[in-house]
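Hello,

Here is the structure I promised to pass on to you. Have a look at it first, and then read my notes below.

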Amino acid sequence: MGERPAPVSARFLAFMERNISYFMLGPTVLVLGLLSVVPMAIAAWLVFHEFNPLQPGTTRFVGLQNILYLAQDSRLFTSTINTTIFVFAAISLEFGLGLALALLFNWDMPGARVFRALLLLPVFTMPMVVGMTFRMLFDYRVGLVNWFLTEVLGTSAVYWLGDPLMAKAAVVIADVWHYTPFVMFIFLAGLKSLPVEPFEAAKVDGANAWQTFWRITFPLLRPVILVILLFRLMIAFRIFDEIYVMTEGGPGSATEMLSNYVFAVGFRGWQMGYAATLSYAMLAVVGFISLLLIRALERETGL
Amino acid sequence: MEGKRILARSMLSKAPRHWKEVLLYACALISLSFFLLPVVWILGTALKSSLEYLSFPPRLIPVNPTLENFYTAFKSFYAWDYLRNSIIVSLSSTFLACLIGCPAAYALARCRVRGRRQIAFFILAMRMFPPVAVAIPFFIIFKALNLLDNYLGLVIAYQIFLLPFVIWMVRGFFEEIPIELEESAMVDGCTHFGALAKVVLPLAAPGMVATAIFATMMAWNEFLFGVVLTNSKAAQPITVLVGSFIAPERGSMWGEMSVVGLVSMVPLFIFALVLQRHLIRGLTMGAVKG
């Protein structure tokens, strides 16, 4: 007696089960593949051409001209310096403050949860709104910051958004406001997940607060620090929104960051050939830094 | 004599503790005011007339609060259209990202597919793309395909940062679920699908919810793709409206600007407040374990 063939639905289900991984991954690979490969190919074509989407008739092949121009582009140089200074200053401050605040508020006190929830408000503020708000706060005449400086502290008003150096500082301050609570929160979570034994042993051995921090807390937090560092670096490096609204890259190009420069070339100057070249250069730098950090991360956490 | 010494010693051990607590509360107060001040400032400015917000000295709380900025923002600047666009685009793009991303995350966490490591690396690499680099070709492609200035274009474009994010986070949540649970369910007679539905999904649900919340926020806050891929209030998200205030004619309209800022923040805040438990879980789980 032979067996009846399984009904269509059961066979279909079996087919699905065997190949399910392909069905599950398929759409993602398709979507992401299309969204990355096609644009990157177009960008690659752009690198060797002059292309203005508003005047498509002027498209022409220019060979290595775009790439060669990279080396003599002073605005690229300044925006790279600006971005580097910004990233370095902002992240150092965020990490320092964030860690200090996390250590400070690691203790249980009444209202701690409400306090921490309130403190997270900056994190959920839209970058555009952050830029817009600090643009108002740093206004020379009627901004709250200058009011505080002149009326409360008694020093003189600062030309925040009009002075090249102070504008850089203003932008850093805005970013520190934006992300320090986030960093603090991650460190808090990290601190809470640390094992208790080393700290108890340290207490028994009579270590003071500074020694405990330097020899025990800090080394144990290394993996967390690296993860957050990688995360923040990738984001800070491509800052765009806040600058767009707060200073528009000014005064002059004192606060023009890489993303802003590429945007200006591509969507204001409409020179998409060179903008694509800049993008690839930026991609290379970001990729390189990220790779370094990922390697460091893998070493630290043994992933 | 003895009593005095005991009293003195007990006072000594109390004084430093009090001092530390006072310092702690002082720091807490200072940091709270620093981090909350700008938000309160926007709220205040939204309610001020132009006379007030451009006058010196600036006051945190308006003396004569007015709703005229709200009126202007919604009537003349069509704030509601932009808000509607943001809501539609954020929710749709997040939905699509989760629909496509969650199964992919599961496959990457469990299944032994050829090229799994390469795909995972590729997805991670995509998270490092500076959006401006992708925006240029996107503009050209979408212009050719007539996808500029509509919802579909934005929803598709947003996938480039939403999908990798969703997959990265949800995969982590799936990996935390021991595979033995699925296996024992299948031994008990479930199909793979059944095990998925009965065992895995309930356990991964909180993580997926947290991810969806974060994804919605990322989509909501997106500005670059919004300003590049649209040019009218037909599909522009509210981020672009915020950006429009740098134009010289709108540059000093702080009241209206603050209203728009407020209006763009409030939905997100409410969203976060209502679902904060899931958010905190997501924040800590995703980051700490690396």
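**Two loops in chain B**

B:P57 sits in the loop between α2 (50-53) and α3 (68-75) of chain B; helices here are DSSP runs (H or I, at least four residues), numbered from the N terminus. The peptide bond leading from B:F56 to B:P57 is cis, with omega near 0°. In another loop of chain B, between α6 (131-145) and α7 (151-176), B:D149 is a residue other than glycine with a positive phi, near 65°. For background, most residues other than glycine have a negative phi, and most peptide bonds are trans.

Before you go further: this is a predicted model, in which local features need pLDDT of at least 70 and side-chain atom pairs count only at pLDDT 80 or more, while totals for chains, interfaces and linings use all residues. Residues are numbered from 1 along each chain as its sequence is written, chains are lettered from A and ligands numbered from 1 in the order in which they are written, and side-chain values use heavy atoms, leaving out hydrogens and water.

A cis peptide bond runs from A:G250 to A:P251, with omega near 0°, and A:P251 is in the loop between α11 (241-246) and α12 (258-267) of chain A. A:W270, which is not a glycine, has a positive phi of about 60°; A:W270 belongs to the loop between α12 and α13 (272-301) of chain A.

**A helix pair in chain B**

Helix α9 (residues 192-221) and helix α12 (residues 254-274) of chain B pack at an angle of about 175°, their axes 11 Å apart (axes are lines fitted to C-alpha atoms over the stretch in contact, and angles run from 0 to 180 degrees between N-to-C directions). That makes α9(B) roughly antiparallel to α12(B), the term for angles over 145 degrees.

**Where the chains meet**

How many residues of chain B are in contact with chain A? There are 91, in contact with 91 residues of chain A. The area buried between chain B and chain A is about 8100 Å², and carbon and sulfur atoms give 85% of it (buried area is the accessible area, with a 1.4 Å probe, that two parts lose on being put together, summed over both). Helix α1 (residues 2-46) of chain B gives the largest share of the side of chain B that touches chain A, 15 residues.

Enjoy exploring!

Definitions and conventions
Parallel < 35°, antiparallel > 145°, perpendicular 65-115°, else oblique. Contact = heavy atoms within 4.5 Å.
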